[in-house]
Amino acid sequence: MVDVERLWRRLSDLAEVGKQESGGVTRLSFTDEERAAKDLVTSFMEDAGLLVREDATGNLFGRREGKDPDAPAVLVGSHVDSVVGGGNFDGPLGVLAGIEVAQTMEERGVETVRPVEVVAFTDEEGTRFSFGMIGSRALAGTLSEEELKPEDEAGISIADAMRDRGLHPGRIGEAARPQDSLAAYLELHIEQGRVLESEDLPVGVVTGIAAPVWRRLVFTGETGHAGTTPMKLRRDALAAAAEVAAVVEQEASAAGSSVGTVGQLGVEPGGINIIPGRVELSLDLRDIDEGTRDLVEDRILKRARALCERRGVGFETEVLQRMTPVSCSETVRGAVRAACEGLGLRTYDLASGAAHDGMQLVGLCPVGMIFIRSKDGVSHNPEEWSSKEDCTGGTNVLYHATLDLASRQR
Ligand code: GLV
Ligand code: MN
Ligand code: MN
């Protein structure tokens, strides 16, 4: 069994990095906070006896050799970046559990055939640039230098943020892993939903991952005097945007399985006595079924265009990122199921509503995930919580599943 106290202590130590008054953390990619988190994780990896390196996008790896150093490695891990005011488990649990697995193998003198690598991916969340999974896309070889143009609120592009950290955008190709270099990717993560809690189960086997499309919607009306402009003569950009936000809620709800969120709103000029002339909304739309999601997206955009036309408000939209839902590998799911059974846990299948780095890796290697129960399903929130017992249970499942996958012959 893994060392519960060590895992819990490391989770608490990492929660100090980028800690907010709210109790949560803010660690955006390529910032001092994210760097400090990776430095701390480096020290944990070294303590675990792992060989540490960073690739061209800042992905951090700790490697434990197998009997056959040329065999494809089993990769386990997650991310240490966070959303603004995020919780302490989303990402860190998977990275620290991965280190715990490798360290336990080391302490027990366990020899695996395949190497085991622990990864802390760069920018899973996509918070800073509204474009995420930078590290896992690069690992999969699907990220081009041209895609490093999105800017943060201060107008700094991904490429410039990388340069500020001493990374070379022109060399991201070097982070790509060759086909057949990885035997599997397995990530332990909190569920971030209520399914396991409602089933009274500590651990679940992930069947697939729903995928988001992220869009920016821009509404252009006419700025005017709030006191002198009669209602029927207005072209109020915010009134149009508000109607569209309601349409997002209606269409996602009507589809049943889809979820749609407007999480950002920018109003210009932004005066209490000024009719808004320009508004930007963000749209996050997801489904485990890509066809359903895209149909909902079409409906929203069609209704948005029609209502803007009626209001005399300009409407433009661009895609920020579009991901594809994935199914988890039967091989990896089988290893997770066997690990659960070995530990006397009921195996329970569920899909992920949140996006994860594994989505980017399905073209590279078999991908799987283990979920543990989240208190009240709360996540992307300082109140995010999973118990010490559930973190330990999930890490033990990760240990046995990783051992199984890493013990297989090539
Ligand atoms: C990341 O957590 C996401 O699902 O957006
Ligand atoms: Mn996460
Ligand atoms: Mn997250």
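This is a predicted model: local features need pLDDT of at least 70, side-chain atom pairs count only at pLDDT 80 or more; totals for chains, interfaces and linings use all residues.
Trainee: Which backbone atom lies 2.8 Å from an oxygen atom of ligand 1?

Mentor: A polar backbone atom of Ala355 lies at that distance from the ligand oxygen. A polar contact is a pair of N or O atoms within 3.5 Å; within protein, one must be able to donate a hydrogen and the other to accept it, and residues adjacent in sequence count only if both atoms are side-chain atoms. The 2.8 Å pair at Ala355 therefore meets the distance limit.

Trainee: Which side chains have polar atoms 3.0 Å and 3.2 Å from an oxygen atom of ligand 1?

Mentor: Glu125 has a polar side-chain atom at 3.0 Å, and His380 has a side-chain N or O atom at 3.2 Å. Taken alone, ligand 1 exposes 190 Å², of which the protein buries 93% (Shrake-Rupley areas, 1.4 Å probe).

Trainee: What makes Asp90 a bridging residue?

Mentor: Asp90 bridges the manganese ions, ligand 3 and ligand 2, which lie 3.7 Å apart. Ligand 3 is coordinated by Asp90, Glu125 and His380 at 2.1 to 2.6 Å, and ligand 2 by His79, Asp90 and His189 at 2.0 to 2.2 Å. Donors are N, O and S atoms within 2.8 Å of the metal (3.2 Å for Na, K and Ca); water is not among the atoms, so sites may look incomplete.

Trainee: How are the donor residues of each ion spaced in sequence?

Mentor: For ligand 3 the spacing is D-x34-E-x254-H, and for ligand 2 it is H-x10-D-x98-H. His79 lies in strand β3 and Asp90 in the loop between β3 and α3, so this pair ties together parts eleven residues apart in sequence. Helices (H or I, at least four residues) and strands (E, at least two) are DSSP runs, numbered from the N terminus.

Trainee: Why is Asp90 called buried, and why is His380 called partly exposed?

Mentor: Buried means under 20% relative accessible area, exposed over 50%, and partly exposed in between (1.4 Å probe, protein chains only). Asp90 has 6% relative accessibility and therefore counts as buried. His380, at 42%, therefore counts as partly exposed.

Conventions:
Residues are numbered from 1 along each chain as its sequence is written. Chains are lettered from A and ligands numbered from 1 in the order in which they are written. Side-chain values use heavy atoms; hydrogens and water are left out.
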